[in-house]
Amino acid sequence: MLVIEGLHVEVGRTEILAGLDLAIPAGEIHAVMGPNGAGKSTLANVLAGRDGYRVTAGRVKFLDHDLLAMSPEERAAAGVFLAFQQPVEIPGVPNMYFLRTALNSLQRAHGLAEIGPSEFLALAQDKVRLVGIDPALMSRSVNEGFSGGEKKRNEILQLAVLEPRLAILDETDSGLDIDALRVVADGVNALRRPDRAALVITHHRRLLDLLVPDRVHVLVGGRIIRSGGAELAGELERTGYTGLRDDRRDPVATIGASR
Amino acid sequence: MTSQVAERTWQHNVHLSGGAPAERPGEPAWLSAARRSAFDWLSQHGFPTRKDEDWRYFDLAPVLGLAFSPNREPSIEPRAADLGAVAGPSLGGPRLVVLNGRYSPLLSDVTLGLGDGLHVASLAGEIRDGGPGLAQRWGDGAYSHAFDALNAALAVDGVYIELAPQTTADAAIEIVYLTVAAGDLPLVSPRSVIFAQAGSRATIVETHLGLGHGHSLTNSHTRVVLAAGAHVEHYRFQAEGPEASHLSVVEVHAGEASRFASRTLAVGGLRARHEVRARLVAPSAELRLDGLYLPAGEQCHDNPVLVEHLAPGCTSRQLYKGIVKDAGHGIFNGHVIVGAAAVGTEAHQTNKTLLLSDRAEVDTRPRLEIFTDEVAATHGAAVGQLDQDALFYLRSRGIPDRDAQAMLVAGFAADVLDGFAPGPVRGLADRLVGSHLEAGSGAYQPEVKR
């Protein structure tokens, strides 16, 4: 579903991603773990199409699309969803209205009929209950004055309503208590279907215990240096990133470098 | 043209065209005297220049450079359908139409919303037939500038509204000022007086609209007097024609424990300056002054506000927001004075501007002058552009760039517009804002938060 090949990305004059390869087949949940500064958020932002990142080499294929050539809204219409690490506050735009506008934008992009206010309300109410977000927050401005946990729940609500093909979670678990963490895990698990996939970017194992990813990738220095099954998360917790063996480095090149 | 030459030409024109005092048969003596003193004030003080603090950012030269002629009949006689096309449907109460400064019984509709205790008349009619109330509330002879005095000198008509004590007017009372031009450079000077007696309540909507083509100058004055405990919600929509110059003053005299809310919206005109001047003269009066202005193209919207706290325990809150597009110019010049007697005053003043283009211009000047202790006062101004993080957030959810921008613009305006009464008044505001923004780039979806 998502194939990233040799992706190099610069922010300013600094190279953050240095030849990243990653493939996520449909139906799977993959986790990317790594230390601070490894390029985790850069990966998420580049996939969603945020400005300020310069792709100098590599390509990203999503379904049949050349993802990097698309605008953020086109990516969303194609099925990409980024749960933000720091959801943005938007004063004056009511949450419910925002969510309906987003859903109807996707409907329009797919040539489908728009969903009217009352029909949407019924649809949203179920999901609101599901993610345990205070219904009062639906009539407030998007994320304005929300607590950290409420903002993350709101991200998962959007995920549940918009039902993307590929959900990217950028450290959505950071700073969450166990209840909120379960909401996030349930939100992603609910989308576990043969035609969907998720990329869960995280620092910690906690979320992965609830989510059980199909694959875990370790991102260090802008590259995936190791991949494994869900058990890799446990190994990482014991050894840390520094003690990790680099599977991907070409042995000849390594020997050459040491001479 | 130098300002002196312009000014001489102007005064010459105004006198020649029948504006000079003591030329109106049948006029009561008090009015002749008031008009004469206004003319004297004008002759003595002259027109403001850029050196004048309150006119620093507003370019008067184009106004003074045109030979406007006062008090002429409109060159085109608009019909009810023409009015409906620009003014929209009735707001559910009486609609009083003032055409080029004169009340138009033909265009007005007073079949709705009139009840006991609500007296509505043309100003000319009230001058002719009314009691002594009008003379007492005509004005206090203090003018904030030459155009204010000019209105007092030239005005012949407008609207008079009086609410008897404890009366509540259920539906909004609508005054539509229609300025019609056809290359004849009309100078239009409507004057209205609103007197809310003790404990009365009313919503009053003043809308300034334009028809025809070519330059025009509207120089209007509305005086609102609130007796003890009166409560007036006042709206003012300025949607004049694209070549119109617009200068206006709303002057408020707030009595004890009265409540006055002024909500202004400016979308029209080429050069528009709307001044709100409020005096809190008795204890515990409450004032709310909100404004939204949206200069686009080459428009300039100037918003001078003067609030004088003259009695203890009064509150005033101002929130003015500008959305400036293209080469538009938005000005906020807010001044709050807390006098020595005004102990326990609470005064807040906020101005925020959203710049939507590199060529947009903004001047903002919130000012507080405090002459007593025990005052809670704040003031602040902020100028910014669309939040790129917010824009990306919306787009990442599939909302197209153009719609996302419009959503953010609507979101910026929301806290002012949300103060507008739900129903027809808010509907009118949304319609004016929507059609104004759609005329340029970026659609506006006025559906936000009802």
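Guide: What follows starts at the interface and then turns to the spaces in the protein. This is a predicted model, in which local features need pLDDT of at least 70 and side-chain atom pairs count only at pLDDT 80 or more, while totals for chains, interfaces and linings use all residues. Residues are numbered from 1 along each chain as its sequence is written, chains are lettered from A and ligands numbered from 1 in the order in which they are written, and side-chain values use heavy atoms, with hydrogens and water left out.

At the interface, 23 residues of chain B are in contact with 33 residues of chain A (contact means heavy atoms within 4.5 Å). The two chains bury about 2,300 Å² between them, 64% of it on carbon and sulfur atoms; buried area is the accessible area, taken with a 1.4 Å probe, that two parts lose on being put together, summed over both. On the chain B side, Phe392(B), Tyr393(B) and Arg397(B) lose the most area to chain A, together 36% of what that side buries.

Side chains of opposite charge can pair when their charged atoms come close. Four salt bridges are found across the interface of chain B and chain A, a salt bridge being a side-chain nitrogen of Lys or Arg within 4 Å of a carboxyl oxygen of Asp or Glu. Arg108(A) forms a salt bridge with Asp403(B), and their closest N and O atoms are 3.4 Å apart. Between chain B and chain A, 10 residue pairs are in polar contact, with both residues at pLDDT 80 or more. A polar contact is a pair of N or O atoms within 3.5 Å; within protein, one must be able to donate a hydrogen and the other to accept it, and residues adjacent in sequence count only if both atoms are side-chain atoms.

Helix H8 (388–396) and helix H9 (401–417) of chain B each supply at least two residues of the side that touches chain A. Helices (H or I, at least four residues) and strands (E, at least two) are DSSP runs, numbered from the N terminus. That side of chain B divides into 11 nonpolar, four polar and eight charged residues. Here Ala, Val, Leu, Ile, Met, Phe, Trp, Tyr, Cys and Pro count as nonpolar, Asp, Glu, Lys and Arg as charged, and the others, Gly among them, as polar.

Pockets and cavities are found on a 1 Å grid over the protein atoms alone: a cavity is a set of points where a 1.4 Å probe fits but cannot get out, a pocket is an open set with protein on both sides within 12 Å along at least five of seven lines, and lining residues have an atom within 4 Å of a point. Grid points are joined across faces, edges and corners, and a volume is the space filled by probe spheres set on the points.

There are three cavities of 30 Å³ or more. The largest has a volume of about 70 Å³, and its lining includes His246(B), His274(B) and His301(B). The second largest cavity has a volume of about 50 Å³, with Arg192(A), Arg193(A) and Arg196(A) among its lining residues.
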